[in-house]
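Me: I would like to learn how to read a protein model, one feature at a time. Could you take me through the one shown here?

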Amino acid sequence: MDWAHLVAFNLTLLAAIVTPGPALLYALRVSLVEGRAAGVLTGIGLGLVAAMWTALALLGLDRLFVLVPWAYGAAKIAGALYLIWIAWGTWRAARRPIPHAAEAPRLGRAVLRGAALNLANPKSVLFAAAVLVVIFPGNLSPVAMGIVVLNHLAVEIAFYTAFATLLSRPAARSAYLGAKPVLDRIAGMVMGALGIRLLLDRG
């Protein structure tokens, strides 16, 4: 493994992160509603689990899912139901006023919420496995695996920190407040649709 492999991995990873999906939508809403601290902590939770999926892919969890398909199916169903639950909560809260970001409660739970959201998508380990096979040479050493996982975590945290900082600015928050009912319902529908798609997906 050399630096060219890490650069290619990071470019692929950033492309995946910025693709609209449950993680990005959730981080966006948390940053706007609860402020920068909650957004950064949510990003840390998302990043920890994303890096964990990469570590498990390196250790061959994707092959375990192939050998024990019911385990993958159970994880997928649980994840889909969690996404639908998040979507329903977002939809219901569309017309509720939001607290000032500085008064947003339970910031410590943001890491767990972010982690739970990324745990809701077991397909991430299959994506990670495919990317790793294409980009990195086979038979990585334990040290190289550790570097890949820590690099993944650093990229995720750096992205979500910058994302939360940008979205927590007064101008972004004011724009969100002006369109909150519509934006929350769109976010709820998108996350709900992703949950239903995951639930019905036979792959």
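Me: Which pattern does the protein chain follow when read along the sequence?

Reply: Helices (H or I, at least four residues) and strands (E, at least two) are DSSP runs, numbered from the N terminus. Here the protein chain follows the pattern α-α-α-α-α-α-α-α-α-α, with ten helices and zero strands. This is a predicted model, in which local features need pLDDT of at least 70 and side-chain atom pairs count only at pLDDT 80 or more, while totals for chains, interfaces and linings use all residues. Residues are numbered from 1 along each chain as its sequence is written, and side-chain values use heavy atoms, with hydrogens and water left out.

Me: What share of the residues of the protein chain count as buried?

Reply: Buried means under 20% relative accessible area, exposed over 50%, and partly exposed in between, with a 1.4 Å probe and protein chains only. Of the 203 residues of the protein chain, 43% count as buried.

Me: How many salt bridges does the structure hold, and which residues form a salt bridge?

Reply: A salt bridge is a side-chain nitrogen of Lys or Arg within 4 Å of a carboxyl oxygen of Asp or Glu. The structure holds one, formed by glutamate 34 and arginine 113, whose closest N and O atoms lie 3.0 Å apart. The pair links distant parts of the chain, since glutamate 34 belongs to helix H2 (residues 22–34) and arginine 113 to helix H6 (residues 110–119), 79 residues apart.

Me: Is glutamate 34 buried or exposed?

Reply: Glutamate 34 has a relative accessibility of 15%, so this residue counts as buried.

Me: At what angle do the axes of H2 and helix H8 cross?

Reply: Axes are lines fitted to C-alpha atoms, for helices over the stretch in contact, and angles run from 0 to 180 degrees between N-to-C directions. The axes of H2 and H8 (residues 142–167) cross at roughly 45 degrees and come within 8 Å. That makes H2 oblique to H8, given that angles under 35 degrees count as roughly parallel, over 145 as roughly antiparallel, 65 to 115 as roughly perpendicular and the rest as oblique.

Me: Which residues make the contact between H2 and H8?

Reply: Contact means heavy atoms within 4.5 Å. H2 contributes Ala23, Leu24, Ala27, Leu28, Ser31 and Leu32, and H8 contributes Phe159, Tyr160, Phe163, Ala164 and Leu167. By class, the contact of H2 with H8 has ten nonpolar, one polar and no charged residues, where Ala, Val, Leu, Ile, Met, Phe, Trp, Tyr, Cys and Pro count as nonpolar, Asp, Glu, Lys and Arg as charged, and the others, Gly among them, as polar.

Me: How should I read helix H3 against H6, and at what angle do their axes cross?

Reply: The axes of H3 (residues 36–58) and H6 cross at roughly 40 degrees and come within 7 Å, which means that H3 is oblique to H6. Among the residues making this contact are Gly45 and Trp53 of H3, together with Gly114 and Asn118 of H6. By class, the contact of H3 with H6 has 13 nonpolar, four polar and no charged residues.

Me: Where is asparagine 121 found, and where is asparagine 10?

Reply: Asparagine 121 is found in the loop between H6 and helix H7 (123–135), and this residue is partly exposed, with a relative accessible area of 29%. Asparagine 10, in contrast, has its place in helix H1 (residues 3–18) and is buried, with a relative accessible area of 18%. Not counting residues up to four places away in sequence, asparagine 10 touches Asn151 and Val155.
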